[in-house]
Amino acid sequence: MSDKETTDSGLEVILTTLQTSSDKETIQSIISILNELLSMGTERRIHYVISKGGSEALLQALVNSSHKYLLSGNSLQTLLHLLVKVGQKDKMIGRKAKKTQATITILNLVRKNMANPRTLTPCLWIVQMFAGSVTAGGILGRNGATELIYKLLVPFTAEHTRVIRAAAEAFAALMKSVSNSKRAVTRGYVQGLLRLYQNWHSYDIQHKYVHIRRAFLRCLDNIANTKSGRQIFWENAGMEILFHITQSCASNQSLKSILNASVQIMRKCYPRSALPTDVIQSAYNFPVPGGAHPTRTCSLPPDNLDDDSEEDVDSELENVDVEDDDLETDVEKLKTKPDPDRPRELLQSYKKFCPELFDDFQDSDSESFDRNCTKAECSSKPTGCCEVILNSHIRKGYYKEGDQRALGSKTPESFQQCHLSCPVDAIDNYTKRNGLSCSTKESGFRPRNGPNQTMDSLMSATFESNSTCTSVYQSGKQLDTCSFHSRTDCIDSTYHSQSSFSDKRETHDTVLRLLERHNEDIPFHDPSTYIATARKTASVQDYNVLAFPDFWGIIPAPYQQPMTEQKYGTLRDKIFQDVQRLLKKDDILNRLVFDLQESSLLESVEEIDTLKFFSKFESGNLRRAIQVRRYEYDLILNSDVNNIHHHQWFYFEISGMKAGVPYRFNIINCEKANSQFNYGMQPVLYSVCEALQGRPYWQRVGDNICYYRNSYVYTVETPEGSCEKPYFTLTFNIQFPHTDDVCYLAYHFPYTYSTLMTHLHLLGKSVKQKKVYFRNQSLCNTLGGNPCPLVTITALPKLKSQQNVHQFRNRPYLVLTARVHPGESNASWIMKGTLEFLLSDDPAAELLREMYIIKVIPMLNPDGVINGNHRSSLTGEDLNRQWSQPSPTLHPTVYHLKGLLHYLNSIRRTPLVFCDYHGHSRKKNVFMYGCSIKETLWQSGSSINTASLKEDIGYRTLPKVLSKVAPAFVLSSCSFQVEKSRESTARVVVWREIGVLRSYTMESSYCGSDQGKYKGLQFGIKELQEMGAKLCIGLLLLNKNSLPYNKAVFPQMMKLLTLEDDILDHRSFSNEYIEEEPPCPEEIDFNSCFIYEEEFADIEEELEESSSDSEDTETTSELQASSD
Ligand SMILES: [Zn+2]
């Protein structure tokens, strides 16, 4: 026998003896041996003893000895201390106590020692430990523990604080059991606990008894998990009591734990309610063809929002490790390529989308190239290859006849009756008040980087260092005579078709005046083209107002913006403000100031101090705005069309503001459980005043940003029955840069369908016609009647020799898509970067065009984008879940793109790469998801032997290359697993059905980067566009063996190719996937139950103290002596 085995068996023998012996001496000496053993050494020693059955032995010894009154005094205390020491490390101690019936024993000991603090205190600790198991707590409660321990707490006394603390903590633990909580409620203990908490707060001026105060809060917190508990708390002014106490000590750092616990209780007890019924369903309704599509029904939560269950369920029983069962483990399903989802004959109709394969370059001269390559077909008729349902009211157009006359002959056609929201108030006011109205207060806005030359010369103005608005309007003297609308007029004429002729004319004049001032420095944007394009865009609501940023244009901000740091206590302060709404009802305005469906509201809201909201424009989303307090607004987002969910994307206009005032905005119907808004992300703002001064930027703005669960709930029907789900609030404060400005706020940098169409049109015009093959076709029309553009880019054959044309036609295909999810506007900015790079003069772009034929579908869900959806199309469905069986009527863009891919497949031209651009709301950086059989099986823990499976690891190359060349891209977040829940996404279907090995989803954070060059920065438009260009470099390096020699690009290529060895070394490939963000430090735990260890952290100290107390006693020394 080795030494270790000797000790093993030795310990086991001791423990067995302890468990079975009824001899006082034996028990005493074993206890002292164990005491000796555990008084030294580390925690590991305790766990070792537990693993050998130490807890059971000690519990049994306690039961046995108390039956027969074997132990008393110091030896009983030593046993109790040992039990505390071992029990607090043993998560199963409650259940073990239940088994050995030690629960009853300990209660009897408490009863007998009510007046004997030295024995009572450890007994209370043990009760607390036992009650960690809810079922054991329930047994204790049924046997009178609740009443017994409550007696130790009342009436208020500051004597025996150690006992009081232990009793309050034991009571709190007992309250984890619903039945115990209910008992406490019926016996009126909640009132008592509140009073005691108040007493302790008043008594403890020196903050010496914070732990006792915290223990009382824990009691209330656990009771607040039951409906009756919350109700009685509310009825007994619990909210007021906690609120006032927290207000009186909110600034005290040492009371953090008390403040946080109080806030948690107040949030739990805040009465839950449903949102007003009429905002659940989308304000926009689109009749789905066939009417067969199930409309989402919604049910509102019942009045009695009771989540109390009668049973006490042990939470630790539910903590079973969950394996990722979403991964596809069916090898056959992973390996087998299914048959095409349509007959082969149908595929021939997609030939027209590959004109590059059939153009006869032999007969053509350069002119016909030009014609082929620059013709923009997007605005032409539907291609006829699909069934398109034209909604008559959508197609009727915005612009009525006769308006053109008003504008005179010089007016371009496109300016017909264009209503524009612009800060005419600001301009009017300014000119009226001679330079005094526009605030010059800098409120958190970056100082600009110097005057814009073009604007400068246009305005002949001098920009002063500290004024933000003045100079433009001084220089704008020329505008004095021009009749700008007041803002309300502008909106009036928008809403009322009967508005006077001259009103319209004035609006047109406004537009013309504005255009005269446009600095025309925005690449690939032109306001006139935008207006012309937007006219053709069909929306469910017939938008006839343009949002200024989309019309005027956007340039990337010339600086980068760091992520914001969430200050500790921000959430707490917001909650205090929310609680005040309940307690000081008189201060609350609750005034509806905007509703998407009630335009008359806008007229009535003419009061000073009231912001004006508007969202009825392309990609706009805001359903309702309620003024809560003077500078605080609740905002409700519109659901996706034909849906009741997906509130995340927002984009709306605000006017009527004062500069420098912190306005608080709360978007109260968010649905996701967490958000990057808790981790440094800010919403974006565009100021018209700033734009008119040459700074047409979207900027990240806002402070005091929090995203938290609120008191609104909704009910979802699941197969298991209905369940209640919470809404979340996104809250932020904004100080606007100018008084009476018009500003736009959005979730992320907006990018409308009309912006895309304008961009494609101008890109097409810019193309070098002798070199670049560029075709802009319409893949099909959407349900809403909008063409879905399909762009083809490659290089024209240099000479029209047979050989060159052959090379041209045999270039591999790349297919890039974006914006299937309308709220993911970041995908569009990346796509913009890709398109501009692909058509640029960069030698790498030239090379890329010579190597590939690139097909781009930049917006797979135009209708969703136009109508301000976040996730779905007009049918209310997620188009990226329809790839398995897309319907030609309901999902035309997906159906026809899949058809085109099948066609390429059928002519043996399967694309080399397919990449679908997306946005990600929970992670940082840019990364990719791909598909791999082996990685899926490995990760799923499947027992299938993957050694015999052959798999091309080429899917890894592109992400690896990108991680080297694109600063925003990070490899460690990439994943190549095939999930069952994703089996109908573009990535998986294109991989499995079309057989594209490199089929990816590229995800870009809405927030920013936490690594590399951009670490700590939020993404701006510049970084997103750069990512789009870098993806092209990645695609170029993918096929480096077939890179033709090119003098211009050679040095650049060499530099990039030195990365090659590293890139191709798959051993360095990381398999560590970055976890999602940790929970927010202040986030509420609604399931309550504080973490086990934390609860006992203080007992550890106490135990130390009490052991050192007892060391003074002679008995202990005797025991020690005898054990020697
Ligand atoms: Zn997406």
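Modeller: This is a predicted model, in which local features need pLDDT of at least 70 and side-chain atom pairs count only at pLDDT 80 or more, while totals for chains, interfaces and linings use all residues. Residues are numbered from 1 along each chain as its sequence is written, and side-chain values use heavy atoms, with hydrogens and water left out.

Biologist: In which sense do strand S10 and strand S14 pair?

Modeller: Helices (H or I, at least four residues) and strands (E, at least two) are DSSP runs, numbered from the N terminus, and two strands pair if DSSP finds at least two bridges between them. Strand S10 covers residues 663-670 and strand S14 covers residues 721-734, with Arg-664 standing opposite Asn-733 in S14. Over their 6 bridges, the sense of S10 and S14 is antiparallel.

Biologist: How many residues lie between S13 and S14 in their hairpin?

Modeller: Strand S13 (residues 703-718) pairs with S14 in the antiparallel sense over 11 bridges, and Tyr-708 stands opposite Thr-729 in S14. Between the two strands of this hairpin, the number of residues is 2.

Biologist: Which strands are the edge strands of the open sheet of 7 strands?

Modeller: The order of this open sheet is S16-S17-S19-S18-S20-S22-S21, with mixed pairing. Each edge strand pairs on one side only, and these are strand S16 (772-781) and strand S21 (926-929).

Biologist: What is the bridge partner of Tyr-917 in S22?

Modeller: Strand S20 (residues 913-920) and strand S22 (residues 998-1005) run parallel and are joined by 8 bridges. The partner of Tyr-917 in S22 is Met-1002.

Biologist: At about what angle to S22 does helix H43 run?

Modeller: Axes are lines fitted to C-alpha atoms, for helices over the stretch in contact (heavy atoms within 4.5 Å), and angles run from 0 to 180 degrees between N-to-C directions. Helix H36 (residues 825-838) lies across strands including S20 and S22, running at about 140° to S20. Helix H43 (residues 1021-1038) lies across S18, S20, S21 and S22, and its angle to S22 is about 155°.

Biologist: How many of the residues of helix H9 are buried?

Modeller: Helix H9 (residues 134-142) is mostly covered, with Val-134, Ile-139 and Leu-140 among its buried residues. Those buried residues pack against helices including H6 (93-100), H8 (117-130) and H12 (178-186). Of the 9 residues in H9, the number buried is 7.

Biologist: Why does Pro-287 count as exposed?

Modeller: Pro-287 is found in the loop between strand S1 (273-274) and helix H18 (315-318). Pro-287 and Leu-874 are 587 residues apart in sequence and 8.7 Å apart in space, C-alpha to C-alpha. Pro-287 counts as exposed because its relative accessibility is 54%.

Technical notes: Buried < 20%, exposed > 50% of the residue type's maximum accessible area, 1.4 Å probe, protein only.
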